[in-house]
Amino acid sequence: MTHLTTADRGSRRLRRLERSALWAASATALSLTASGCVVVHGERVVLPSATPAEAAKALDQFTAAYNKADQAYDGSLDAAYTTGALGAIDAARLKAGKVNNPGGNPQHTPLVLSDATYTIPKKAGWPRWFVAEATANKGGDARWVLVFTRGDLSEPWQGTYLTLVAQGAMPRFSKDKDGWAEAVPADSAELTRAPGDLSKEYTAYLKDGGGVFADGAYTSTLRTTRAKNAEKPGLVQQYVDEPLTGGEFAPLALRTADGGALVFFSSHHYVKQTAAAGASVPAPNVSVKALTTGEIKQSLTMEFVANEIALDPVKGSGDGKVSLLSRLEGLTAAKGE
């Protein structure tokens, strides 16, 4: 297989948050004692990431901004409230919509989220984050699962991960007596795979297979589908997969009641279609065309960002395999040649 070059990969819309140094002045609590002031540093003290009221407000602000942006097909209207994989996918969707419908979204239906629940970890340092689950008027019967992150007190809460999960499929989380969840470190050695390694492990699995992941729609079935599509009469389809682990794409993990973890992570994918001499690449749909640079003559390279939810068991438990609970990907760019 011919490897894709950097030029093949199109323009990347992978914003990188400039994480400022921990904001000591805002993250510092002062308590007066008989001997004077005692400074407690927020980067070392374990605190809830948000209150339930703050989490609910963040979800409302995100939904309002999302609806305004969707109605106008204007990414600037919700850019402050999205980041990471969700931000990359949403910005590209809005960009394509604007190209095809400059006057706005003629099929806009406001997103309505209801019956929301919040899982808020108690942790030290930044970023703070929490998980929101809600029923939506879009996406069928599946629950919307969003992760919100915040780099410091000066930033708004931003939707970072979004996937759809079947009713009742989310695991139970480990919580303390006050109802706060537990964040699992990215380098945890207690799990089958460290959360920080899952993006790398997953993209390697898509290429070569292996025994890390349990069979399922987003693992073995996806590999089978790719193999079928790789060689068709007059057309070669190539795949390149890359991990996404830094900055706004950093994985986040919550301890589950069984001692394992639910891990949110991102990945980066390219699909290149190359037509044989005398043949042509299948005509892309209007959304792909809107995001395509260059002229499609012999090949089309499409770039995707995906976010996944994985159940990562305790090391040595069960069959020792990581299960993908959900995966959502979106086209972010394309290039014709």
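I began with N307, which sits in strand β15 (residues 299–312); helices (H or I, at least four residues) and strands (E, at least two) are DSSP runs, numbered from the N terminus. The model is predicted, so local features need pLDDT of at least 70 and side-chain atom pairs count only at pLDDT 80 or more, while totals for chains, interfaces and linings use all residues. Residues are numbered from 1 along each chain as its sequence is written, and side-chain values use heavy atoms, with hydrogens and water left out.

**N307.** I looked up its accessibility: N307 is buried, at a relative accessible area of 1%. The scale is buried under 20%, exposed over 50% and partly exposed in between, with a 1.4 Å probe and protein chains only. I then listed what N307 touches beyond four places in sequence: A85, L86, T160, Y161, L162, T163, F265, S266, S326, R327 and L328. Contact here means heavy atoms within 4.5 Å. F265 is 42 residues away along the chain, yet its C-alpha atom is 5.8 Å from that of N307. A polar atom of the N307 side chain lies 3.0 Å from the backbone oxygen of L162. A polar contact is a pair of N or O atoms within 3.5 Å; within protein, one must be able to donate a hydrogen and the other to accept it, and residues adjacent in sequence count only if both atoms are side-chain atoms.

**S199.** This residue is in helix α3 (residues 198–208) and is buried, with a relative accessible area of 1%. Its side chain has a polar atom 3.0 Å from the backbone nitrogen of L244. Leaving out residues up to four places away in sequence, S199 touches P243, L244, T245, F265, S266 and S267.

**Helices α1 and α2.** I took the packing of α1 (residues 52–72) against α2 (residues 84–100): the angle is about 25 degrees and the axes are 9 Å apart. Axes are lines fitted to C-alpha atoms, for helices over the stretch in contact, and angles run from 0 to 180 degrees between N-to-C directions. That makes α1 roughly parallel to α2; the classes are roughly parallel under 35 degrees, roughly antiparallel over 145, roughly perpendicular from 65 to 115, and oblique for the rest. On the α1 side the contact uses F62, Y66, A69, D70 and A72, and on the α2 side L86, D90, R93, L94 and K98.

**Cores.** The largest nonpolar core has 20 residues, and L113, F130, W144, L146 and F148 touch the most other members. Such a core is a set of buried Ala, Val, Leu, Ile, Met, Phe, Trp, Tyr and Cys residues joined through side-chain atoms within 4.5 Å. Helix α1 gives the largest share, five residues. I checked F148 outside four places in sequence and found contacts with A58, L59, F62, R128, W129, F130, A132, W157, Q158 and G159. Another core, of 16 residues, lies apart and includes L198, L206, A261 and L324.

**Backbone.** Most residues other than glycine have a negative phi, and most peptide bonds are trans. I noted these exceptions.

- Y73, in the loop between α1 and α2, has a positive phi of about 50 degrees and is buried at 14% relative accessible area.
- D115, in strand β4 (residues 113–119), has a positive phi near 55 degrees and is exposed at 56%.
- The W126 to P127 peptide bond is cis, with omega near 0 degrees, and P127 is in the loop between β5 (121–123) and β6 (128–136).
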